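Here is a short report on aromatic contacts and surface charge. Please keep the sequence and the 3D view open while reading.

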Amino acid sequence: MRRICDSFSYGPFTINRKDVIVALYNSEDKYLFFHIFRTGGLSLRRTLDGEEILGGHVVARDVKKWFENKGESRRWEEATKFVMVRNPFDWMLSTYFYVIQMPGHNFHQYMQGKSIAEFLEWYRMKNQEPWVYGGNAHATLTEFITDEDGNQIVDKVLRFEDLPHCVHELRKE
């Protein structure tokens, strides 16, 4: 596996790459996989091969823009783009427990002692902030797979609940 970049900057922030999961591009089989956090993407990622591009858990619209900025829109257009999603309630519950149990998470300190209801309200309010290129900290599942106008720009949306079947089907393709 080859990494195309080691850091990803947006606004005043830079994500330095270590073991973050990113968009995965395979030029031979022509696919792009977008890993949405807390959806089983790491399990799926282990079965795939390709070049890791951009920062952790990037949204499809930013990867499309990245290809366009490099003058490589053809690579975007030719690739089968897919993502793994999860039941939204389960996704938020998993995200909440991950944040409060992981001391290294950006929101860990802030969320200590907060209930799931407080977390959901905080997440909802943070999601109303203006979109920042490269940002995803408060993205909805829909924002991971759509363009700025809300049009779906990925070809396949796989379900976490069907993970074993999805892996089998992807291997066949």
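## Buried aromatics

A residue counts as buried when its relative accessible area is under 20%. The model is predicted. Phenylalanine 107 and tryptophan 122 are both buried.

## Aromatic pairs

The count comes to 14 aromatic pairs. One of them joins phenylalanine 107 and tryptophan 122, with ring centres 4.9 Å apart. Their planes stand at 70 degrees, and planes over 60 degrees apart count as edge-to-face, so this pair is edge-to-face. The pair links distant parts of the chain, 15 residues apart. Phenylalanine 107 sits in the loop between helix H4 (88-101) and helix H5 (108-111), while tryptophan 122 belongs to helix H6 (residues 116-126).

Phenylalanine 119 and tyrosine 123 make a tilted pair. Their centres are 5.9 Å apart, with 45 degrees between the planes. Both residues lie in helix H6, 4 residues apart, or about one turn of the helix. Phenylalanine 119 has a relative accessible area of 1%, so it is buried. Tyrosine 123 is buried too, at 6%.

## The aromatic cluster

Which residues form one aromatic cluster? They are Phe37, Trp91, Tyr96, Phe97, Phe107, Tyr110, Phe119, Trp122, Tyr123 and Phe144.

## A negative surface patch

Now to charge. Glu68, Glu77, Glu148 and Asp149 gather in a patch of negative charge on the surface.

Glutamate 148 lies in the loop between helix H7 (141-145) and strand S8 (156-159). Its relative accessibility is 55%, so glutamate 148 counts as exposed.

Conventions. Residues are numbered from 1 along each chain as its sequence is written. This is a predicted model: local features need pLDDT of at least 70, side-chain atom pairs count only at pLDDT 80 or more; totals for chains, interfaces and linings use all residues. Side-chain values use heavy atoms; hydrogens and water are left out. Patches are made of residues with over 30% relative accessible area and no salt bridge: like charges are joined within 9 Å, nonpolar side chains (Val, Leu, Ile, Met, Phe, Trp, Tyr) within 5 Å. Accessible areas come from the Shrake-Rupley method with a 1.4 Å probe; for residues, only the protein chains shown count as cover. A salt bridge is a side-chain nitrogen of Lys or Arg within 4 Å of a carboxyl oxygen of Asp or Glu. Lys and Arg count as positive and Asp and Glu as negative; His and the chain ends are not counted. The place of a charge is taken as NZ of Lys, CZ of Arg, CG of Asp or CD of Glu. Helices (H or I, at least four residues) and strands (E, at least two) are DSSP runs, numbered from the N terminus. Buried means under 20% relative accessible area, exposed over 50%, partly exposed in between (1.4 Å probe, protein chains only). Rings of Phe, Tyr and Trp (its six-membered ring) pair if their centres lie within 6.5 Å; planes under 30 degrees apart count as stacked, over 60 as edge-to-face and the rest as tilted.
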